[in-house]
Amino acid sequence: MVRALTRTMWTADEIAQLCYEHYRTRLPKQGKPDPNREWTLLAAVVKIQPAADQAHGITNKPAQVTKEVVSMGTGTKCIGQSKMRKSGDILNDSHAEVIARRSFQRYLLHQLHLAAALKEDSIFVPGTQRGLWKLRPDLSFVFFSSHTPCGDASIIPMLEFEDQPCCPVRRDWASKPSEASGDLEAPEDTERCEGLGSPMTKKMRLEPGTPDGVAQHQSFGHQESGPVTPDVSGSHVTAQEQAPVTRTAPGDVKVVDIYRTGAKCVPGEAGDSRQPGAAYHQVGLLRVKPGRGDRTCSLSCSDKLARWNVLGCQGALLMHLLEEPVYLSAVVIGRCPYSQEAMHRALTGRCQNVSALPKGFGVQEVKIQQSGLLFEQSRSAVQTRRADGSGRLAPCGAAISWSAVPEQPLDVTANGFLQGTTKKAIRCLQARSRISKVELFRSFQKLLSSISEDKWPDSLRSVPRSLVRNLSGRWLSWPPH
């Protein structure tokens, strides 16, 4: 009952406003974009907790909750495959959503430290099995992103009255496809696709009664005409599992094109058809983030959010100490090109056939909402401010990580290492981000060293003591090929 209250007693605008205020007041100027020529993306995890009286079952007062940002990330970049390192000391993926989630893992590690020390202010309470903990039942977490996640969630229907990213297509394109070919994507190899955020975003129409900035094309649930079913030959995703882009929207408004994503289909998936108009992309497929020349190995943020919605946000290491995964209860998206159906398809719809999961795991029915509030450093906001300015608008090269922890909560990184790191210094401890794989592993080792071995969970009793006691910082080596 209490958990249900925490999922409803807030609005999308309240979550967005809280995150934007945290960005302005708690994050340093270092790592933020130049306000007149650079843009970035923002993501955060917000803890939702009922007021003390409702937590104890008193319901004769209006339900109230407290909202607290516990992790935050900014960033638009991703390193190529050739720059990945087996040592685990580099951030492969610095998109805002990934930075926020890794920062959240750091927060969870700190909270487990508090629980192990029997501190009452921890978010964890003892589980039913030895050495395991579980989240307090009155708490939940909301994930916020200032923009639609890259990948499948960004493949959004575009209505006929909106500006198009390419030459207009004929109205009979579905029955008589144009013979024209070519790559219609905007050049976005090394920067994240932010949804063609200038004239198109400005001309997004609003439905009567919706908050300012919530696009009309966010709902296409009951079309009368038939869907355009993508070709899924050679893919493990069936036609039934895909939510196709349709030809009409409510009110018989035609869907003539789609917003594109720069994320590429993973090897082995059926590729995009790249036909003109709404058939350009196949939907529901796994994708990797784009790279200029050097292809990346990082899955799109849509795919990662879908994975977290099944496996939780805690990661494999922390799962050793948890009785159940830590799931998100809701996802809130800021003002941007948006489709409710695309978000549902990308985060939950295509996962419905996932089976044979361990006990406690499952596909979550996460609530998905959009705010009408625009992030001040988004691409479209910066373009609007510099409408008459000269020079190229560029994505910010730095990423900021913030965690609600008492010691060194901030990290500013570039190219996967702390900002300012030289090539000679990349092997030094001082070059590592605190949310890199190896540093999170070291934090996990320190957590185990603070717990008496007779209180360890069964899953760790067979692990060699040298592995958990040795704090030398060496990452586990990959097996020889």
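Guide: A residue is called buried when its relative accessible area is under 20%, exposed when over 50%, and partly exposed in between, with a 1.4 Å probe and protein chains only. The structure above is a predicted model, in which local features need pLDDT of at least 70, side-chain atom pairs count only at pLDDT 80 or more, and totals for chains, interfaces and linings use all residues. Residues are numbered from 1 along each chain as its sequence is written, and side-chain values use heavy atoms, with hydrogens and water left out.

Visitor: Is Ile48 buried or exposed?

Guide: Ile48 counts as buried because its relative accessibility is 0%. Ile48 belongs to strand 2 (residues 42–50); strands (E, at least two residues) and helices (H or I, at least four) are DSSP runs numbered from the N terminus.

Visitor: With which strand does strand 2 pair over nine bridges?

Guide: Two strands pair if DSSP finds at least two bridges between them. Here strand 2 and strand 3 (residues 65–74) pair in the antiparallel sense, and Ala43 has Gly73 of strand 3 as its bridge partner.

Visitor: What is the order of the strands in the open sheet?

Guide: The sheet has eight strands in the order 15-14-8-2-3-17-18-19, with mixed pairing. Strand 15 (367–370) and strand 19 (417–418) are the edge strands, each pairing on one side only.

Visitor: How is the packing of two helices described?

Guide: Two packed helices are described by the angle between their axes and the distance between the axes. Axes are lines fitted to C-alpha atoms, for helices over the stretch in contact, and angles run from 0 to 180 degrees between N-to-C directions. Angles under 35 degrees count as roughly parallel, over 145 as roughly antiparallel, 65 to 115 as roughly perpendicular and the rest as oblique. Helix 4 (residues 96–116) and helix 10 (residues 437–449) pack at about 10 degrees, with axes 10 Å apart; they are therefore roughly parallel.

Visitor: At what angle do the axes of helix 4 and helix 6 cross?

Guide: These axes cross at roughly 30 degrees and come within 9 Å, so helix 4 is roughly parallel to helix 6 as well. Contact means heavy atoms within 4.5 Å; Glu97, Val98 and Arg101 of helix 4 make it with Cys301, Lys304 and Trp308 of helix 6.

Visitor: Which residues does Asp303 touch?

Guide: Asp303, found in helix 6 (residues 301–311), touches Leu285, Leu286, Arg287 and Arg350, not counting residues up to four places away in sequence. Asp303 counts as buried, at 5% relative accessibility. A polar atom of its side chain lies 2.7 Å from the backbone nitrogen of Arg287.

Definitions and conventions. Polar contact = N/O pair within 3.5 Å; in protein donor to acceptor, adjacent residues only side chain to side chain.
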